[in-house]
Amino acid sequence: MNPGLTFIFTKWKGSADLALRFWMLLLISFSSYYAQISAEDYFTPENRLRFADYLFADKDYLRAFYEYKEVISSGINDTAVFNAAYSLYKIGRYSEAIGYYTGLFINRELDYQAKIEFFRNLYLLNLPERFLYYSSQSLYSSGIEPYLLKRMIVYGDFTERPSSVDSSEFFPLFEPPLADSIRALYSESRSLTYKDPWRAAIYSAILPGAGKIYTGETGDGLTSLVVTGLLTYIAIDNLGAGHDFRGYLFGALEAYFYAGNIYGSFNSAMISNASVRVSLKMKLGNFFRNNNFFLPLPEFPGYE
Amino acid sequence: MNKILVASYLLAHLLLTNIFAGEGGSPEFTGLKLIENSADSLFRNAKYYDAVTEYKRLLFFDPDKKNHVKYLVNIGDSYSFGKFYHKSLAYYNKALDLQIETSIETDISYRIYAVLLKIGDFTAAENLIADLEKKTVYGPAMDSLYYWRGWGNIYQYKWFEAAKEFNKISPGHELSRYCRGVNESLLSVELVKIMSFIIPGSGQIYSGNYFSGIASFGWTALWGYNMIDAFAENRIFDGLVIGDLLFLRFYRGNIQNAGRFAEEKNLNISENALLYLLSNYEGIKP
């Protein structure tokens, strides 16, 4: 029985007015009944956490983050903090995610994975100096296998400057099957051929179009050869026939095409080299990202 | 006296219980209904992000699956208004996956059709409406079909075909008249090309590109004169080279250019006409 009703029926006797007692009974009865029929609260921390987990599983990370944030604001829940940070990671808000992960470093169960995620997000911020600094600080890196952070640093260097990496230091950091892919990428980075811009320019100065053929633009090279050759012929033919104006006009055009062809060959080699570098960098970067930066993913369902 | 009071109390309690039991059973007093009202209000006020959150909350907490169609459709609409078209399609399809009445299924299909038009997937849109056509047999539903197919043609800038579809609903349908008007204002690309074929630059001038028209005429005339001059002076090789590399290049370019200008102008007319319709037409539209 409702404690208010118990009090009125058993303890409150004697001098009290009967009418007052009647109305009190009615009020308590009504309020207790109303409490039973009033709405279930779907905004309690428990319900919010369930809803946030649902959103998280549905990959709606932004909404999941805000629900987890509400849960956290009503009391610390480490799983909610971890998931909030992971949601931020998934929507690219790395610096905010880092803040949440740092708060979990004292949690025994989540400490290791929080630190792993901390470094994953830190790497994505693209601040190599900060990454090096934090990886040398035991507060942040204790518990993490040293080779995990080292290979991120070395692979990062490899992505930026493939020729600067020492294979004897690089290869032992990886185990099969990853090691095989790393070796293949390394060999590919060493076997790329770059074109010498000056050589391309000199080739085109000697034979118009030859520099472009050297850089792989065969069609452009042959066109340059034909156009420059024809313009030269027309200029000479007109000058020979006494049409000086047309001769000089076509001669000027020929000189323009000839100079443009040399400059174009130089540029073509530069563009070819840049294209080789960019496509390698993209390939290395995609490999890194597709392998989650060589860091383990959380060992709970729903993380990818 | 006490007995009377206790009896009165029990009677009043019973009455109130019955009254509020009725109210309590009514959805206005349940938390889910409050969330739904809030979601609907957010949706009506175009606060789509928050509306989606609340509809998703309802999807999660509301055990009554028959309400889910509305939530899913409104989430789809919200995503569509926010231009998240692929998410919108995903939610409409989730709604279609539920067991629903044919009329609601058709309504959702048209929403999907509208989204497909917006993302430019006209093949999928046409396949969808062809499927609907197979299921549609009676008058008003056929009108809907013509109506949406008309909009499909509008989105593809097929104004003539669009006018024909709207005309099937009723001769002189306002959208039919509008589409016919737009169609009549389009330039004939072939005519413009023929004009430039006969008089270089005239097609460009006709399509409103005066500078390009004059330049085309000037270049073609200059190299044409040089070519003829070379042939007249028996410099056959010069004439062939100038004719092939310069005169014909400018002459052909002039015709291609005229066609391209006409196509660009038509595209511009169509884009403006569609934008005008989307902003000003008060009927149902994608």
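A nonpolar core is a set of buried Ala, Val, Leu, Ile, Met, Phe, Trp, Tyr and Cys residues joined through C-beta atoms within 7 Å. The views below are taken from a predicted model.

**View 1. The largest nonpolar core, with Tyr113(B) and Cys179(B) among its members.** This core holds 40 residues, and the two that touch the most other members are Tyr113(B) and Cys179(B). Two or more residues each come from helices H2 (31-44), H3 (48-61), H4 (68-81), H5 (85-97), H6 (102-118), H8 (139-155), H9 (159-169) and H10 of chain B. The greatest contribution, eight residues, is that of H6(B).

**View 2. The surroundings of Tyr113(B).** Once neighbours within four places in sequence are left aside, the residues in contact with Tyr113(B) are Ala125(B), Leu128(B), Ile129(B) and Trp148(B).

**View 3. Ser185(B) in helix H10 of chain B.** Helix H10 covers residues 174-185 of chain B, and Ser185(B) lies within this helix. Ser185(B) counts as partly exposed because 13 C-beta neighbours fall inside 10 Å, whereas a buried residue would need 20 or more and an exposed one 12 or fewer. Although 81 residues separate Ser185(B) from Asn266(B) in sequence, their C-alpha atoms are 8.4 Å apart in space.

**View 4. The two domains of chain B.**

**View 5. The helices of chain A.** Chain A has 16 helices and zero strands, and 25% of its 304 residues are buried.

Notes:
Residues are numbered from 1 along each chain as its sequence is written. Chains are lettered from A and ligands numbered from 1 in the order in which they are written. This is a predicted model: local features need pLDDT of at least 70, side-chain atom pairs count only at pLDDT 80 or more; totals for chains, interfaces and linings use all residues. Helices (H or I, at least four residues) and strands (E, at least two) are DSSP runs, numbered from the N terminus. Domain bounds come from an automatic or database domain assignment. Two residues are in contact if their C-beta atoms, placed from the backbone, lie within 7 Å.
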